[in-house]
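Dear colleague,

Please find below the structure I promised to hand over, together with its sequence. My notes on it follow directly after.

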Amino acid sequence: MSAPTLDQPHSSALDAAESGAVQLITFTLRIRRFNPEEHPEPVWVDYQLTMDPKERVLDALNKVKWEQDGTLTYRRSCAHGICGSDAMRINGRNRLACKTLLKDVNPEKPITIEAIKGLAVLKDLVVDMDPFFQAYKDVMPFLITKGNDPTRERLQSAEERERFDDTTKCILCAACTSSCPVFWNDGQYFGPAAIVNAHRFIFDSRDEGAEQRLEILNDREGVWRCRTTFNCSEACPRGIEVTKAIQEVKRALVTRRF
């Protein structure tokens, strides 16, 4: 008995790619370019590329920069989804370019690339991350303890560690924060990433600074600005349940239990 097939349109190149055969495709990479030294407004520029559809969007950007236009500017470092430096809007969604395969963003149409929203664009796909990192610093993302230095390591059970395990995964890529409509319209809002990193320490059994962080996040630009749109959770490349973490911080502010 033959296996059922899904009724989905695919090009022959994509079908070949999925079967493991190497067959290149030609596609358009449409990048929103911005150079304030040349023009006050951004412009869309198209680049024609021929590549293996199993390659990544980051590979396509590298190909443009190395072979067609060396002035293209973007951030990237590890290229393995760990450093978080290459977050950008790909086909209207926040993603890491190094984790996004060409075949997964419909290369039969122009693939649009633009800088993440809510932060000032410095050039092309590079944004000013200073406000983002300032919000991160403001929530005191480090262990706070009182008294003398311990003579042994601070122990905690597996259950206590599991309580905040999810929020330890943050790589500070800003994909969640820059996907938030509140952040787009209010640059003073701490944003999801800062709250996630506060959550990581608020619920750490070894930490003694939870009350301080909660008071910081009780500010009018803190957790109460969240409108629970779930954009942040959908944008997180690490799969963190960002909205859930924000709700847990809200609950801790009301109950003072953490």
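Helix H6 and helix H7 cross in a left-handed manner (left-handed if the near helix is turned anticlockwise from the far one by less than a right angle, right-handed if clockwise; helices are DSSP runs of H or I with at least four residues, strands are runs of E with at least two, and both are numbered from the N terminus). Please keep in mind that this is a predicted model, in which local features need pLDDT of at least 70 and side-chain atom pairs count only at pLDDT 80 or more, while totals for chains, interfaces and linings use all residues. Residues are numbered from 1 along each chain as its sequence is written, and side-chain values use heavy atoms, with hydrogens and water left out.

To stay with that pair, the axes of H6 and H7 are 9 Å apart and the packing angle is about 155° (axes are lines fitted to C-alpha atoms, for helices over the stretch in contact, and angles run from 0 to 180 degrees between N-to-C directions). H6 is therefore roughly antiparallel to H7 (under 35 degrees counts as roughly parallel, over 145 as roughly antiparallel, 65 to 115 as roughly perpendicular and the rest as oblique). From H6, Ile 195, Ala 198, Phe 201 and Ile 202 meet Ala 210, Arg 213, Leu 214 and Leu 217 of H7, where contact means heavy atoms within 4.5 Å. By type, the residues of this contact between H6 and H7 are seven nonpolar, no polar and one charged (Ala, Val, Leu, Ile, Met, Phe, Trp, Tyr, Cys and Pro count as nonpolar, Asp, Glu, Lys and Arg as charged, and the others, Gly among them, as polar).

H6 (residues 192-202) also packs against helix H9 (residues 242-255), with axes that come within 9 Å and cross at roughly 60°. That angle makes H6 oblique to H9, and the crossing of this pair is left-handed. Here Pro 192, Ile 195, Val 196, His 199 and Ile 202 of H6 meet Val 242, Ala 245, Ile 246, Glu 248 and Val 249 of H9, a set that divides into eight nonpolar residues, one polar and one charged.

As for the chain as a whole, it holds nine helices and seven strands, and its C-alpha atoms fill a box of roughly 65 × 60 × 35 Å along the principal axes. Of its 258 residues, 45% are buried (buried means under 20% relative accessible area, exposed over 50%, partly exposed in between, with a 1.4 Å probe and protein chains only). Among contacts with a separation of 6 or more, 63% join residues 24 or more positions apart.

Within helix H2 (residues 57-67), the buried residues are Val 57, Leu 58, Asp 59, Ala 60, Leu 61, Asn 62 and Val 64, and their cover includes strand S1 (25-33), strand S2 (43-51), strand S3 (87-90) and strand S5. The loop between H2 and S3 contains Gly 70, which is exposed at a relative accessible area of 52%.

Two other buried positions may be of use to you. Val 127, found in strand S7 (residues 126-127), is buried with a relative accessible area of 2%, and beyond its neighbours within four places in sequence it is in contact with Arg 75, Ala 115, Ile 116, Leu 119, Ala 120, Val 121 and Leu 122. Ala 175, in the loop between helix H4 (158-162) and helix H5 (181-185), is buried with a relative accessible area of 0%; with neighbours within four places in sequence left aside, Ala 175 is in contact with Asn 94, Ala 235 and Pro 237. Between Ala 175 and Asp 165, which are 10 residues apart in sequence, the C-alpha to C-alpha distance is 20 Å.

Finally, a note on the backbone: most residues other than glycine have a negative phi. Asn 106, however, has a positive phi near 50°; this residue lies in the loop between strand S4 (93-96) and S5 (111-114) and, at 35% relative accessibility, is partly exposed. Thr 228 likewise has a positive phi, near 55°; Thr 228 sits in the loop between H7 (210-217) and helix H8 (231-235) and is partly exposed, with a relative accessible area of 32%.
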